[in-house]
Each structure stands twice: as C-alpha cells, then as structure tokens.
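Here is a friendly briefing to read alongside the model.

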Amino acid sequence: MIRFLSSLILLLTLAVSGHAQGGADPRPLIDALGKANFKQAEELLGQIAATGDARVAPALEAFAAGDLYARKSDGAVFIAKPAGKNFKLIDPLSGEEVEEAGKGAVAKIKINNNLRRVIRSTLGGLTLLSPDRATRLRAAEAVMRSPSAENLELIEAALEKESDGAVKARMEQARAVSLLASDRGVEEKRAAIDTIRSLGGRPAIAILMTAAPAVDPALKEDLNHAIRQLESNLAAWDVAQNVWYGLSLGSVLLLAAIGLAITFGVMGIINMAHGEMVMIGAYSTFVVQQLIRTNAPQLFDWSLLIAVPVAFLVTGIVGLVIERGVIRFLYGRPLETLLATWGISLILQQSVRSIFGPTNQEVGNPSWMSGSFPLGGMTVTWNRMWIILFSISIFLALLALMKKSSFGLQMRAVTQNRRMASSMGIRTPWVDALTFALGSGIAGIAGVALSQIDNVSPNLGQAYIIDSFMVVVFGGVGNLWGTLVGALSLGVLNKFLEPSVGAVLGKILVLVLIILFIQKRPRGLFALKGRAVEA
Amino acid sequence: MITSFVLRALNGRITITIAILLAVAALVPALNILVPPGNPFHIPTYAVSLMGKYLCYALLALALDLVWGYCGILSLGHGAFFALGGYAMGMYLMRQIGPRGVYGDPILPDFMVFLNWKELPWFWYGFDMFPFAMLMVLLVPGLLAFVFGWFAFRSRVNGVYLSIITQAMTYALMLAFFRNDMGFGGNNGLTDYKEILGFSVQAQGTRAVLFAASAVMLALCLLLASAIVNSKFGKVLVGVRDAESRVRFLGFRVENIKLFTFVVSAMMAGVAGALFVPQVGIINPGEFAPANSIEVVVWTAVGGRGTLMGPIIGAVLVNAGKSFFTGAFPEFWLFALGGLFIAVTLFLPKGIVGTVEKYWQARKATRKASETSRGGDVLTAQPQAAE
Amino acid sequence: MTEETNAPRSLLYLDGVSVSFDGFKALNSLSLVIEPGELRAIIGPNGAGKTTMMDVITGKTRPDTGTVLFEDTIDLTKRDEADIAQLGIGRKFQKPTVFESHTVWDNLELALNRPRGVYSTLFYRLSGEDKDRIEEILATIRLSHRKDELAANLSHGQKQWLEIGMLLAQEPKLLLVDEPVAGMTDAETAETAVLLREIARTRSVVVVEHDMGFIRDLGVKVTCLAEGSVLAEGSIDFVSSDPKVIENYLGR
C-alpha cells in the first residue's frame, strides 16, 4: 500500500517535473535523510523526487548502495568513499570532494530493501521523464537491466509522453521486460515475449532465461520458441560477424598486397622492400599528423586525407630512386633482385629507426575513424569499415588505371612484349620506373590505412611482407582480380580457423595450406595458361 | 668405387683447405689450453667459442651453396633446417640436465614443470641418448626437406616461387615453435645446459673440443660436397642450374636430383645447428626467423656461390664483420649488411672467390690466346637461363 | 587385329591430337606418321603449332585429345620428359641450349646414354668405351679441337652443333630438331645439312625449319602445318606448288 502510494506521489510529482526543473532546493531534504527513520525517509524520497532535480541521482544511488553518511558535527549528509582508514566526503549534489573525515566523525544512514526499491523507482522516474533524450535512453536501459514489476507503471506513464522513436522503442522493450516480471495477463505477456525477441541477441536470451522459471506454464512454449529462434539468429549473426572480421583482415591483406601485385605480379620484380614502403607510408602519416597537431589542430580530422597523397608521393619517389638506382640493373635476374631489395629493406628499416627511434609512434584516429555501430546482431567498428571501403576503392582505382588509361596500356604492353613495345615508341625504361613507383606509392597509401590499426614501428613492414607475397602468389601472379579474391578468401579462412584452433595455429595452417596449394597450382588461383607463361 | 668418389674430391685447393681446417682444429684448442693467459699467443675461451660459431655458420653456408650455387634452388628456409638440428641437440642437452634444473624434476625439463605438465611428450623420448639425438639431428631436417622437396620439385615449383614458399615454411615453423604447447620451450627455447656426454658445457676443455669438432665436421662436409660436385652428378647439378629443361630432355629426373641435393644440404645444415647450440648455450624460435635464412644467402653470395670455398670465406668474413660492427657501431650494422646485399648483387655477382677465379682464368686464357691465335671472349662467359 | 599386322610399322604415330591454350587451338586434330629411319622436314607459318607439336611428343605439354604412340605401342601422353628421353626421343631447341658453364667434353659426357639415377651418376667413372664414343661424336660435330673449352665460348653455330652432338650421345631413335640453321652462315647451313643427313642414316629425324633452301638441300619428304593441322605432305616440289601452301605460307 505504502509502495503504491509512494509510486503515486512519485508519478504525480514526476508529471510536473518537466516544469519543476530548478524549483525547490533538494539539499535540505537530503540533509533531513540523516535523521529520518525508514518511514520518514520514504516520504522524504518522495519530496526529493518532487524537486525534479536530476542532480540528486548520485546521492540516491549512493543511498541505495549504503554510501550515504551524515556528519555527526552538523548533520550534513555526504556521499562517502573509503580512503584508507578515513572516508572521503563528497558533496551529494555537486560531486565535489569536501574533506576527509575519520570513521568516527560520520554515521551511516540506514537503508532497507523497501527503501532501495523506492529509490530505484524514483531514479527511474526522474530520468525516464528527463527532458534530456540521452538520459531517458539510459534510464530505459537501466530498467531493462533490472526488471521488476514496480517499474511497469512508471514506464507506461513515461511511454505515453514519449515522442522520440528510438527512445520509445527502447522503452517498449523495457516495458516488456518489466511486464514479464509482473502479474499481468497471459496475452499481454505473450506480446511482451515478442517484443523482447525483437530486441535480439544475447541480452534478449538472458532476459527470457531469467523470466523462464517463474513464467506461466501456458507461456512456456512461447518462451522456449523465442529463445530457440534467438539462438539460431545469434549463430547466423556469429557467422556474419566472422565473415566481417575475415573481410576486414582480408582488406588489410589486400591493402598490403595490392602494391606488390603491381611490382611482383605485373613486373615480376621480387621486391622484398615492399613492406618497408608500407612502413614509410605509415610514418608519413605520423609526420603529417605531427605537423597538423603543432600548426593547425583544427585540421586533425582531415589528417588522413592529407596523408594519402603525401604518403603516395614519398613512397613513390623512394620507389623511383630504388628502381633507377638498383633494380634496373637486375632485370631478368629475379633471385638477385630479391637479395638486393632485401638489402634495401634493411637500410630503410635502420634509417627510420635512426630518425624516429625504435619505439612505436603514436598515430591518432580522427573522430570519424573511432567508435562503432551495431548492424543487426554484430558490431561494426568504423575504422574497419573505412579500411574495407578504402582498400576496395584503391583496388578499383588501380583497375581503372590499368585498363582505361594510356599509361596502363603502355604498362601492359611493356610487360607483354618489351621489344615490340619499345619499337612502337614506348619508352620502356620510363614505364618500368613509373610502374615500380606506382606499386611503391600504393604500398605507401596502404601504410596510411594500416597506421590506424597497427603499431607504427620500424618493423611494421616485416609483419606484412610474407603475407603479401602469399596473397599475390595464391591469387595468381599478374592478375589483379586474383589478388582481390586471394586476399579476401585468405582473410575469411583465417578468421574461421581462429575460433577452433587459435590465432597462431590458424595462421600456421593457412601458410601450410598455401604451400600445399602452390604445389598443386604453381601459378595460383587465376593462372594464365599457355606457352607464353611457361617460357 | 667409394675411394674414387672421395679421391676425385681431393683436388689441390680442397686438400689444402681441409689440411688447414684440421690444423686449425688442433692449433686453436692448443693455443687456448696449453698457452697460459697473458702470453700473446693465448686465445681466450670466449674467442674459441666465437670462432666455433663462425665455423658452424660456414657449414650452414656451404649447405646452402650446394643447393643454391650448384643447383640454382634459392632456399630462403635453410635457417629452419639449422634450427631443427639445433633443437635436436638442445633436447639432448635438456635431458642431460636431469635433476639439476631449478625445479629438480629428474625427467621433465624446467619449462614443462613450469607449464604443469605431468609427463614427457612422446617426441622427447630417446633424446636422453646421444646417438639417438645425433640421428635426429640428421633425420629431422632431412625428413622435412624430403617431404617439402618431394612436393615442391615434383610439381615443378621453382625460381622465386620456391624461394617464397621456403620462406613461408620457416616462418610457419617460427610461429609454431613460439607456441608453448608445442613442447619446445616456447619463447625462451631450450637453455641452461649443464653437460654434454658427461662434460660440463661451460668448461674450457669442452669448448675447445666443440671447436675442434666444428672444424673437423666442416672439413668432412667440405670433402663430401667436393666429392658430390666433382662427380658426374655434380655436373648434372650445374646443368640443372643453367638449363633445367635441357637436363630433363636428356632423360634425367630433375626432381630426384634436386630432392637428393636438398636433403643432403638440409642434413648438413642440421649438423651445423647441432654444433652451434652447445657453443652458444641456447636455441630459441628466433633462429627460424626468415631474416636469418636470408642472411645466410648473403654470406654465400659474398664469398662466391657455386664455389666450395666461397661460402666458408663469406660466412667467416661477414660474421667477423658483424661482431666488429655490432660492438663498435651497433647503429650501422644493418646499413652495412644492407649495403653488402646491394653491392654484392650489383658489382660482385660471383662473390670474392668467383671473381678471383675468373681473373685467374682470364689471365690464363689471354696468355694461351696470345701464344696461339685469338680465342673467344672469356670475360663474357656467364651462365644463362634455359630457353 | 588384322589391321594391326597390316599397318606399316611406325616409329612415331600422332592421330587427332588437339591442344588448346585458353581457347586458342594450338593443335587442331593433327595427324602425322614418322617411319623408322625417315628424315622429315616440317614447315609452316608462325603459330602453325610446330613447337607445340614437339612439346606434345616430348611430354612437355599434355594433349587435350588424341593419340601419340612411339614404336606403335608406347603411349607418350602418359610419360614425362625424362621418361620419353630415355625411351629414345631427343630434342633440339630453337635457341641453342647447352650447358654454358661446362666444357664441350662435359656437355657430351652428361648427354651419354648411361644410367641417369642419382646413385649411378654420383659414382660414375669415365670408361675407355665412353671416352672413345665422345671422341667420335666430337669428330662428327667438328669440335675436337675445342673439347676443353667452356661451351659459353663457342660461336652460335658451334653451339647448335654441340647440341646436336649431345643428342647423338643420347643415342635416340628419333631426333626432333627445331630450326637448326637459324642464325647460321651459309657455309654452316650447308654443313649442317650434311650433318643431319649423316645422322639420319642411323635414326629418324624430324626437322622444323623456315629456310626453304636448307630444306631443298635436305631433299626429303616435307609436311606443311597451318593452324594446328597438316595442310600438305609430299616432296618439296609437290608441297611448294600446292595452292593452299602458297596462300598460307609461301605466298606473300
């Protein structure tokens, strides 16, 4: 009865709380709690709620948790946090620390379960009707986490006033959760189960599981059915999530390998310094960010977009220098090229180490790269999302360049028949140099993206070099589409092996599978067949 | 038959080198043990072990040269065979620790006790016996090379593709050996050895003997390599390197030729690893790192691939350089090594020994040519790829 | 069964052999019979399938369909290169392919028809008989005076001869020779024709060549290929007067 009354008072006061905001000062009411018995405390809680002042929430939470103390000297009430032997006294409204007091100087304000329930409703009510949308949403979620029949009326009242769609949906779910715990009719409960099921995922299963023991026998079947459905949904989403992780890893592999698909796949150069191009791209990003931080911090969100052309130019030029300085003397001697470029990679690594130091460099995420959003039953982080889109768009751009531009045409001409191309007036050495620079530049762009998900250190490149070669060889040398399919399928395969055998063993298995695959199809997935390739 | 096989190996230079190696095997331990410290001829024990390490590297380089220099298979995974031989030896040494480990378990090595294992995994059985361990030093790398090569050579994976998958092989092994549940000590590898054949591994005498063993083993392997290279088989091998399809169309089974050489080479690398481990006192998964295998390639390239002396000279020179650089200017070692890779491929493709040989041949030829009529241009003599 | 006894004994028998690469038909139902002891010349425009035909015979390429028989019974499509070489089919490449870092002598020693296993080559010792055989071949290919020189130092024509010498050392029953006189001087060309006729006395030889003068010198049966199948077959005069051959190959 009392509970009902209090709820009624609460509702009444809450109904006007929107207007009462900033009305009566709740501090004397809180201080009064120090001397009140349980019954008086309950009344006081009602009055506190009536102030409609959201600042009281921490004090009420502390009260429920038994952390509310009264100072013996003047009866003032504080939230107390233990600090060593003493208590740290915190102002209940402002949240500021006031002083430290000995344990003897304060007295705990007593609390019982009845009061706790009242507090919870009060809190829920305060926040469910808060003018702030985010607060209402949080409140609805809080109700969902601790379902009880008492909240039902509160929620229903709040629902009536709610106009925001998303909040309303969440409140509907909160209502359904509370309804299951109440003594309402079977039909209403059945509808509630449906609502909870629409919530989806593990939380819904958990809610239904907790409700299961107490539920009507008539509803048992509905409940189990809903749980089964949720579980199979969940399994499907798990697969989807795995595919997503796999695609995400695959896009990273694609990024790392796509430059190599040009230098190795198209030109046949074994560039062991490819990983270092990626590393230099990542360091370019770092430098760009440093410059922006010191000179124009407002541009920070644009830093990655600025870094892309910078990294492309820097690594492209490094690539150009390498091709003109070393590789052009080694055409037709692939094993020597391999050794020389490995030497180059050592020099590049040590140079970066000497300039920037051996430790990891901090590369920041712009705001649009951080955070995540839910997609059905899975969580999608923005950085992975952007990296997938980024790698696909680089792939498409490269494909267009190869197929549509005159440079691409010259490039293909030179790789297919150098002598013929040269006699048709194509400057083959120039095309070689630019192609290599292009491959290196793309590796640099990849470095920009990888700086967002990996440690930027001088060893960054080494982590990718073997994987990149595996992707290109697996996909089929000289075939860009092969690289795409190779990268994505290896990524997905890796992520599907991981849950059962672990990350390291999964990676080993993938390597072994690729080694076996190359024995079977030495020219990769999408091999060109014919005499010309075998020569 | 065997005698003619061996005798053919002993051409002038090889005989001299083997004699030098045997002399070193006797002399260095003598200077270490018999000459008192303080005497300018005394060689300190740490230097003996350091030189022993170089000799193991030289043997590894010789093994690589057999497949790369003579057969044209650039293996970027020879470090794996070296490490496997080393692990086999390391397992023997671990079993010799017995109850002297930190946890005092008479059977289980410390790391297994630490991981709470109750009994020895099956693949550790037998490693308490020296002969068995030595057999494994040969068999494990040999078997891996056999299985790998059987698949790869039969499906005609060659050139850079083979290089890349050998690199993937050693990379995969490295990842595997880093795992604790593989049973090889994970990250830390195998270390804290106490005794080998009952002698303390730390003792001066043991170290001197290990050095001598490395030198003698290098001499023996040099003899074997020379015998192989100078036989008709060796000529076929060079034929495979220069014109594989010609060899095939002459009716040779190229895959068997490659497989035999690859396995012999892997076993040599395993022996090198086994001699290496007691001298440095540790074996860990880092030995499988792809970078290590590539470094072996540069030793061989510097000394001169396709010659027997080249890899030995290259390994000793580069490693002595490495010891010096990492001591004096640690920052510059990678610059020096990287520069070496580039310089050798661009300016010294035949390596030190090959270049010297070419110079002598050219002089001989011009002398001969000036005596008779004009001969062909010797300087342009270069192996060429088939077709 | 009667058919088999009546059929002429052939050394090499190709019937309905087709090979395609990515849709391009390199050989299109090619049929060809070489008799024991025959010297045959094969001509045809570029892309007619001459090299692919040799690839099929020597086991480098597997035909999609068709029969390839050696000595009437041995199915060559089931064998690999080494097997086929050991059966007695030798092949000379278009570009001279010899072991450049070996001496002329070693080149021939490697080619000698002796056991080729790992064990037998490791413990091989040069016997007096083998020595004589090599000397004999050196004389045939006119390289006796350069036997100790590296093959790399030979002239282009001499390399061609060395390769032919290696094939002789192999003691094949059938020799496939791809453009043996490409890049040779006229004198060398004439001498090569003599050499090939000499060789053909003891075995079958198939020569692929563009040089019509050279083929006239050989004076043997000619097969003209075009677009992967046989266009005409007969004496050089018969073939070169065939209108289809003129249009496809000789004309223009």
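In chain C, 66% of the contacts with a separation of 6 or more come from residues 24 or more positions apart. Please keep in mind that this is a predicted model.

**Chain C as a whole**

- Chain C is built with 11 helices and 10 strands.
- Its C-alpha atoms fill a box of roughly 50 × 45 × 40 Å along the principal axes.
- The radius of gyration of chain C is 19 Å, which agrees with the value near 18 Å that a compact globule of 252 residues would have.
- Of the 252 residues in chain C, 47% are buried.

**The sheet of chain C**

- What is the strand order of the open sheet in chain C? Its 6 strands run S6-S7-S8-S3-S9-S10, with mixed pairing.
- At the edges sit strand S6 (89-92) and strand S10 (229-234) of chain C, each of which pairs on one side only.
- From one strand to the next, the twist averages 20°.
- Helix H8 (residues 186-200) of chain C packs on this sheet, where it touches S3, strand S7 (174-178) and strand S8 (204-208). The direction of H8 makes about 150° with that of S8(C).

**Strand S3 and its partners**

- Strand S3 (residues 39-43) of chain C pairs with strand S9 (residues 221-226) of chain C in the parallel sense, over 4 bridges. In this pairing, Ala41(C) stands opposite Val222(C).
- S3(C) also pairs with S8(C), in the parallel sense and over 4 bridges. Here Leu39(C) has Val205(C) of S8(C) as its bridge partner.
- Is S3(C) largely enclosed or exposed? Because 5 of its 5 residues are buried, S3(C) is largely enclosed by the rest of the structure. The cut-off behind this is that a residue is buried if 20 or more other C-beta atoms lie within 10 Å of its own.
- Leu39(C), Ala41(C) and Ile43(C) point one way from S3(C), while Arg40(C) and Ile42(C) point the other way. All of these residues are buried, Arg40(C) included.

**A backbone detail in chain C**

- Glu171(C) has a positive phi of about 50° although it is not a glycine.
- You will find Glu171(C) in the loop between helix H7 (156-169) and S7 of chain C.
- Why does Glu171(C) count as partly exposed? Glu171(C) has 14 C-beta neighbours inside 10 Å, and partly exposed residues fall between the limit of 12 or fewer for exposed and 20 or more for buried.

**Chain B**

- Chain B contains 15 helices and 4 strands.
- Along the principal axes, the C-alpha trace of chain B spans about 80 × 55 × 50 Å.
- For the 387 residues of chain B, a compact globule would have a radius of gyration near 21 Å, and the chain's 22 Å agrees with that.
- Buried residues account for 50% of the 387 residues in chain B.
- Of the contacts in chain B between residues at least 6 apart in sequence, 77% join residues at least 24 apart.
- Asp192(B) has a positive phi of about 60° although it is not a glycine. Asp192(B) lies in the loop between strand S1 (190-191) and strand S2 (195-196) of chain B.
- Asp192(B) counts as partly exposed because it has 17 C-beta neighbours inside 10 Å.

**Where chain A touches chain B**

- The contact takes 34 residues from chain A and 38 residues from chain B.
- On the chain A side, helix H14 (334-356), helix H19 (462-475) and helix H21 (503-520) each supply at least two residues.
- Which element gives the most to the side of chain A that touches chain B? H14(A) does, with 14 residues.
- The residues on that side of chain A divide into 26 nonpolar, 5 polar and 3 charged.

**Annotated spans of chain A**

- An unreviewed UniProt entry places the feature "transmembrane region" at residues 243-270, 302-322, 385-402, 429-449, 469-493 and 500-518 of chain A.
- Residues 385-402 of chain A are 100% helix and 0% strand, and the end C-alpha atoms of this span lie 26 Å apart.
- Residues 469-493 of chain A are 84% helix and 0% strand, with end C-alpha atoms 17 Å apart.

Definitions and conventions: Residues are numbered from 1 along each chain as its sequence is written. Chains are lettered from A and ligands numbered from 1 in the order in which they are written. This is a predicted model: local features need pLDDT of at least 70, side-chain atom pairs count only at pLDDT 80 or more; totals for chains, interfaces and linings use all residues. UniProt positions are given in the numbering used here, feature names are shortened, and annotations may be inferred rather than shown by experiment. The radius of gyration is taken over C-alpha atoms; the globule rule is 2.2 Å times the number of residues to the power 0.38. Two residues are in contact if their C-beta atoms, placed from the backbone, lie within 7 Å. Ala, Val, Leu, Ile, Met, Phe, Trp, Tyr, Cys and Pro count as nonpolar, Asp, Glu, Lys and Arg as charged, and the others, Gly among them, as polar. Two strands pair if DSSP finds at least two bridges between them. Axes are lines fitted to C-alpha atoms, for helices over the stretch in contact, and angles run from 0 to 180 degrees between N-to-C directions.
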